[in-house]
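Please look at the assembly shown here, beginning with the surfaces where its chains meet.

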Amino acid sequence: MDIQTAITFCLEMIGTVAFAASGAMVGAGCSMDIFGVCVLGVVTAVGGGIIRDIVLGILPPTVFLNSKYALAAVITSCLVFFAYYMKKMEPGQHSSQAFERILLIMDSIGLGIFTVMGVNTGIRQGYGSNVFLLVFVGTITGVGGGLLRDMMAGVPPYIFVRHIYACASIVGAIVCVWMQQFGAVWAMVVGSCVVVLIRYLAAHYRWNLPKLPR
Amino acid sequence: MDIQTAITFCLEMIGTVAFAASGAMVGAGCSMDIFGVCVLGVVTAVGGGIIRDIVLGILPPTVFLNSKYALAAVITSCLVFFAYYMKKMEPGQHSSQAFERILLIMDSIGLGIFTVMGVNTGIRQGYGSNVFLLVFVGTITGVGGGLLRDMMAGVPPYIFVRHIYACASIVGAIVCVWMQQFGAVWAMVVGSCVVVLIRYLAAHYRWNLPKLPR
Amino acid sequence: MDIQTAITFCLEMIGTVAFAASGAMVGAGCSMDIFGVCVLGVVTAVGGGIIRDIVLGILPPTVFLNSKYALAAVITSCLVFFAYYMKKMEPGQHSSQAFERILLIMDSIGLGIFTVMGVNTGIRQGYGSNVFLLVFVGTITGVGGGLLRDMMAGVPPYIFVRHIYACASIVGAIVCVWMQQFGAVWAMVVGSCVVVLIRYLAAHYRWNLPKLPR
């Protein structure tokens, strides 16, 4: 396994675990049973990649041919479920602020990594010269999992209500495409850092896009 | 038409009618007009198969090339609509328990048959040795239609709130894959019976998976 | 560019702008920020075409290879956003009836054009003899964008609650298929006019399909 393959694998695994945790947390927050929590975790973790593969014509999607990612998502979801289960047993421990913070971090990491993975897959499929397609595919891969998570859990999609959510993904995808000239590994690392940074700063300083008054 | 093709066709038709009836019942329960009831019936009946075919790269999906299934779903939906229409005309006949029971039976039969159909299609496409893909595809085919139905009708998806819903589908898919050694027909029949049985017992005895306290 | 290509392009552009405007209006009506308004506009404008291309196996979907349509949708959405922004600044100008009327017109035009575009794409892909597939693909292309819009915005889908919505699309698709014998351009123009006419008359005279009493 060469260095690029190894880094790609590590990043994908981290992104999978982070997104699975975010999905499982949303599910646990809705008082779902353990199966619902796992489904939501898996859908969040692999949903973006499945949409990307369908769009690029990679059928069946990679995730179905390689059970490692789904397995990692299931294990992560079960751990999240039991962490909640333990915590809820002790009364007076409902700290929804800590919940929001961890969810934000997990979701940001997943968003960053999956955005550059989407760009990367597009390049590997031979669309390296179509910047528009690459950015679109990167953004879909990044926001797809979270969008499915929110639609299935019946909560208002992050993408519409959160600060600068998909913008961060788009900017990161553009950076990742532009950085290809410095090598694929650098493009992936810098691209995903840009996403996480924008997303985190936006949430922390409560940056807002222009909004219509009610 | 050999015996396997005939049994496959019969099972698929029964599953289509059962799922169409479940979709139409949900639509009628939401006071939709006749068109909405038909759309929901058709989506429930063919939705899982379309998702499966997209995932397996069978494009256009089989259901579009063969109008028999969509036609059966439309006729079933119309019959359900008129049954409701007749019944609502007589006052004092709202038996929501009977409704729940018939919906449960229809949904269970559809779930069972579509799960094994999904596994079967995966094998026919040449993925017979990839157990993970087969189980995934079987489960998606089984739960996909009902999930689309609930999302479109704006009711909380069965898969998240019902007892052991998707678990039944997963177990049935595994049984169906394992039974292939005894012949495809047996695998289909036993696999779908296992799904219906688990689903029915779970609903009847109110089996529950561990759930987080509110 | 021959005459058919030119007319196809013009119709597609008009449909894209109309659907983008309808999506952006729904987003603005939900007090989304500018990005949410753009996403909803783009999804409404290109969603139906993406579903159609996936179903027909045209991967990646055409819209990803040609940024003109997405760009037109983004510009339209921004214009809608600023129109709302200006208007909301002046108090006492909330005319929800005008809103409903413009939304209806935009949605009708988009529905009509995208229906015939769907039929057209199906014929170009070589399914000219499969009437069932052509009508299905035309209807999906027509109603897909609006369905995604309503599901993402969390409002009850038009297709289930509005008068004769998808029926208009189905009738238009059938007319468009039947008119192919008189040439593709005529089929497109007449087909989309039929959709707009049925949809408009249905809304104006409040035609209703049989509905279940509550």
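## The interface of chain B and chain C

In this predicted model, chain B and chain C bury between them about 2400 Å², with 78% of that area on carbon and sulfur atoms; buried area is here the accessible area, taken with a 1.4 Å probe, that two parts lose on being put together, summed over both. The contact draws on 27 residues of chain B and 25 residues of chain C, where contact means heavy atoms within 4.5 Å.

Across the interface of chain B and chain C there are zero salt bridges, a salt bridge being a side-chain nitrogen of Lys or Arg within 4 Å of a carboxyl oxygen of Asp or Glu. On the side of chain B that touches chain C, at least two residues each come from helix H2 (34–56), helix H3 (62–65), helix H4 (67–89) and helix H6 (131–153) of chain B, and H4(B) gives the most, with seven residues. Helices (H or I, at least four residues) and strands (E, at least two) are DSSP runs, numbered from the N terminus.

## The interface of chain A and chain B

Between chain A and chain B the buried area is about 2400 Å², and carbon and sulfur atoms give 78% of it. This contact takes 28 residues from chain A and 25 residues from chain B.

The count of salt bridges between chain A and chain B is zero, and the interface of chain A and chain B has zero residue pairs in polar contact, again with both at pLDDT 80 or more. On the side of chain A that touches chain B, two or more residues come from each of helix H2 (34–56), helix H3 (62–65), helix H4 (68–89) and helix H6 (131–153) of chain A; the largest share, seven residues, is that of H2(A).

Residues are numbered from 1 along each chain as its sequence is written, and chains are lettered from A and ligands numbered from 1 in the order in which they are written. Local features need pLDDT of at least 70 and side-chain atom pairs count only at pLDDT 80 or more, whereas totals for chains, interfaces and linings use all residues, and side-chain values use heavy atoms, with hydrogens and water left out.

## The fold of chain A

Chain A has nine helices and zero strands. Of its 214 residues, 56% are buried, which means under 20% relative accessible area, with exposed meaning over 50% and partly exposed in between (1.4 Å probe, protein chains only). Among the contacts in chain A with a separation of 6 or more, 74% are between residues 24 or more positions apart.

## A loop aspartate in chain B

Asp33(B) lies in the loop between helix H1 (3–29) and H2 of chain B, and Asp33(B) is buried, with a relative accessible area of 10%. The side chain of Asp33(B) reaches the backbone nitrogen of Phe35(B) at 3.1 Å, and a polar atom of that side chain lies 2.9 Å from the backbone nitrogen of Gly36(B).

## Aromatic pairs

Over all chains there are 21 aromatic pairs, where rings of Phe, Tyr and Trp (its six-membered ring) pair if their centres lie within 6.5 Å, and planes under 30 degrees apart count as stacked, over 60 as edge-to-face and the rest as tilted. The rings of Phe81(B) and Phe82(B) have centres 5.6 Å apart and planes at 85 degrees, so this pair is edge-to-face. Phe81(B) is buried, with a relative accessible area of 1%, while Phe82(B) is partly exposed at 41%.

The rings of Phe9(C) and Tyr69(C) have centres 6.2 Å apart and planes at 50 degrees, so this pair is tilted. Phe9(C) lies in helix H1 (residues 3–29) and Tyr69(C) in helix H4 (residues 68–89) of chain C, so the pair ties together parts that are 60 residues apart in sequence. Phe9(C) is partly exposed, with a relative accessible area of 29%, whereas Tyr69(C) is buried at 13%. Ring pairs also link Phe64(A), Phe132(B) and Phe136(B) into a cluster.

Notes: A polar contact is a pair of N or O atoms within 3.5 Å; within protein, one must be able to donate a hydrogen and the other to accept it, and residues adjacent in sequence count only if both atoms are side-chain atoms.
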